[in-house]
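Me: Please take a close look at one part of this model. Then connect it to the rest of the chain.

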Amino acid sequence: MKDSPKNPGRRQLLKTLGGATAVGAASTLIPGCDAKQKATAVNLSFREIPHSLDFEHHLPQEYSADILLRWGDPIDDNTAEFRPQALTAQSQLHRFGYNNDFIAFMPLAADIPAERGDLHYRSNNSTRGLLCVNHEYTQPHLMFPGYNNKYSATRGVSAEHVAIEQAACGHSVVEIARGDKGWQVILDSPYNRRITLTTAMQIRGPAAGDKRLQTAADPSGTRVLGTIGNCAGGKTPWGTVLIAEEGFGGAFQGAPDDIEDPREARNHRDFGISPHNRNLGDYDRRFDIQHEPNEPNRFGWMVEYDPYDPQSVPRKLTSLGRFEHEGFTLVCKPGQAVVAYGGDDDEHQFVYRYVSKDIYKPDDTAHNRQLLTEGTLYAARFGEDGSGQWLPLIVGQGPLIRENGFRSQADVLIDARRAAALMGATPMDRPEDVETNPHNDCTYVMLTKNKKRGKDAVDAANPRPRNTAGHVLEIVPPGSTGKRDHTSNHFRWQQFLLGGNPNAENPAERGAYGQQSHYNISSHGWFANPDNVAFDPRGNMWVATDGCERFGFHDGLWAMATEGPLRAAPKHFFGCPQGAEVCGPEFTPDGKTLFVAVQHPAEARNSTFSSPLHRWPDNDPNLPPRPSVLAIYRDDGGEVGR
Ligand code: FEO
Ligand code: CA
Ligand code: CA
């Protein structure tokens with residue numbers, strides 16, 4: 001149902017998009033990344049769901065969802081059904097982890113050797129595959145009895161609970177298959193595995209072995225235990241998965257001010273390490289910076305691993321820089337360097353790009369598996385006139401010199417934030433997913449919000465002071481669709497949409513969608529706080545949100561075209577149970593299944609294990625609310641969204 005046409009007309013839209021700055025070319029809504037591109041939104045014919053807020057998930061009428069994996073579900077056939085009161089750290093190692101986030105569907109095809117992940121990946125099989133899922137963080141007050149609220153678990157958690165938490169974060173690999181009964185977990189699959197905060201990993205790339213990565217437990221600076229803050233990620237055509245380390249600072253306790261080296265003190269402060277953080281370091285000493293000041297430098301990286309080899313040792317890729325990684329997504333064109341895009345999800349942090357030193361060779365997997373270890377990292381500068389530049393972060397270039405604390409490339413990568421700032425990159429409104437639409441070859445940056453941006457600090461790329469609703473920005477590399485040069489150091493950019501209510505009274509808070517004044521999205525078509533993004537096989541953009549409850553309705557998914565008359569005009573597809581954000585979204589290659597991760601359901605003030613806001617998805621008085629992955633499909637078997 002469409003609302004009365006109260007949306008801003010085109011002139012108003014341009015004014016809104018200009019925000020407090022002058023309306024430059026960058027702020028005008030030009031007809032799309034590629035004007036010649038065919039419109040895709042005619043295919044988005046699902047019946048839109050309303051904005052609402054309750055204890056259920058919501059889908060259009062003609063769709064169903066299987067609850068595929070919940071926190072605590074066994075991932076092998078030797079593990080008993082989940083009973084929260086009986087949970088031990090040892091048993092959690094064999095169970096799906098907590099707070100599911102990024103999802104990669106990695107196809108499995110018959111008659112292909114297990115180790116040929118690249119061939120499995122290219123098989124595009126959409127009925128059998130590995131579901132690779134991040135587990136971002138743990139919430140003891142919702143996982144265990146005995147905590148009155150989230151603060152009571154901050155410094156008072158027990159050793160036993162810490163051990164379970166360490167086993168419940170990280171990542172899961174689970175084989176799934178679609179049969180007559182929908183999607184099922186294959187419990188006896190040899191591929192199923194957990195990656196946790198204690199899994200052995202390698203450190204690779206230019207910073208590996210650097211003094212600042214050496215600890216008492218690892219004098220080599222090349223081996224580390226575990227990963228944490230695993231938010232979003234990416235996939236590679238050589239059959240590996242990338243997982244991001246985002247909010248790792250919260251796992252460390254101690255006083256940065258007491259660290260002797262002022263540069264390291266600043267580094268630790270910058271990632272939120274403080275004596276008031278959770279006291280994991282009381283039980284696992286490396287998480288106390290007074291005990292092990294270099295351990296935090298071994299987190300905040302992208303991690304690459306091979307889900308097709310359950311014995312594979314994950315690698316932290318220092319070449320992609322160290323910051324609060326949301327994720328990294330790839331553009332791989334045969335015979336060209338691999339380009340990867342990522343964001344640093346913090347206020348006033350940057351958008352990054354990596355360009356590999358060597359070229360991508362589709363048939364040489366051994367070669368491709370080194371492409372993310374050697375290359376150049378760049379940070380983005382968004383000009384006021386719609387031009388943009390990638391600034392290389394290379395020691396010795398510009399201000400990245402010894403006098404500024406950069407003695408080596410390792411320093412540049414460990415302190416990538418500081419390097420990017422000194423180079424003049426544009427501080428952004430919390431960059432989340434950055435992903436390229438294969439359909440038009442343009443790259444989209446989700447900017448979730450930034451309440452800290454002052455009136456005087458707005459610019460064309462971040463046009464709103466106190467940006468509560470976030471926005472989506474479009475990067476247009478030079479060249480035409482399919483032939484865009486993502487390796488060029490220059491690009492054009494424009495605003496794609498501004499989150500928020502298009503009918504908001506305050507112009508500074510007014511959202512802006514669509515390119516034509518006659519098009520009016522419905523009253524449920526608007527959203528705020530874009531976080532994750534996916535593109536369906538037809539090139540439609542699917543945005544997952546984190547923060548809409550502050551606007552009065554659930555977080556969820558909104559789908560829209562990126563080209564044509566319905567460009568940037570969203571339709572509401574999925575809604576979360578209260579308290580949750582939605583992560584993932586991931587399509588099977590045929591577009592017939594959409595996986596979503598519902599994270600932190602029932603998170604709310606005073607909501608605890610013993611007295612939760614609700615108990616989604618089981619609604620069983622003996623079970624707490626459980627973060628879960630859903631497999632969504634159309635009842636008639638067609639493509640999702642069409
Ligand atoms: Fe973990 Fe940036 O969301
Ligand atoms: Ca996220
Ligand atoms: Ca989030």
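Reply: Helix 9 is mostly covered, with six of its eight residues buried (buried means under 20% relative accessible area, exposed over 50% and partly exposed in between, with a 1.4 Å probe and protein chains only). The model is predicted, so local features are given at pLDDT of at least 70 and side-chain atom pairs at pLDDT 80 or more, while totals for chains, interfaces and linings use all residues. Residues are numbered from 1 along each chain as written, chains are lettered from A and ligands numbered from 1 in the order written, and side-chain values use heavy atoms, without hydrogens or water.

The buried residues of helix 9 are Ala416, Arg417, Arg418, Ala419, Ala420 and Met423. An α-helix has 3.6 residues a turn, so residues three or four places apart point the same way. Just after helix 9 comes glycine 424, with a positive phi of about 95°.

Helix 9 (416–423) and helix 8 (409–414) are among the elements that cover the buried residues of helix 6; helices here are DSSP runs of H or I of at least four residues, strands are runs of E of at least two, and both are numbered from the N terminus. In helix 6 (residues 262–270), the buried residues are Arg263, Glu264, Ala265, Asn267 and His268. Its N-terminal end is capped by aspartate 261, which has a side-chain oxygen 2.9 Å from the backbone nitrogen of arginine 263. After helix 6 comes glycine 272, again with a positive phi, near 80°.

Arginine 453 sits in the loop that links strand 21 (442–447) to strand 22 (471–476), and its relative accessibility is 3%, which makes it buried. Beyond four places in sequence, arginine 453 is in contact (heavy atoms within 4.5 Å) with His348, Pro427, Met428, Asp429, Val458, Asp459, Asn462, Arg464, Pro465 and Arg466. Between the C-alpha atoms of arginine 453 and proline 463, ten residues apart along the chain, the separation is 9.6 Å.

Glutamate 304 belongs to strand 11 and is buried, at 2% relative accessible area. Its side chain makes a polar contact of 2.6 Å with that of threonine 240 and another of 2.5 Å with that of arginine 315. A polar contact is a pair of N or O atoms within 3.5 Å; within protein, one must be able to donate a hydrogen and the other to accept it, and residues adjacent in sequence count only if both atoms are side-chain atoms. Apart from neighbours within four places, residues in contact with glutamate 304 include Thr236, Trp238, Val241, Leu242, Pro314, Leu317, Arg369 and Leu372.

A polar side-chain atom of aspartate 306 lies 2.8 Å from the backbone nitrogen of tyrosine 308. Leaving out residues up to four places away, aspartate 306 touches Arg193, Gly239, Thr240, Ser312 and Arg369.

As for the whole, the C-alpha trace spans about 60 × 60 × 55 Å along its principal axes. Of the 642 residues, 63% are buried. Among contacts with a separation of 6 or more, 67% join residues 24 or more positions apart.
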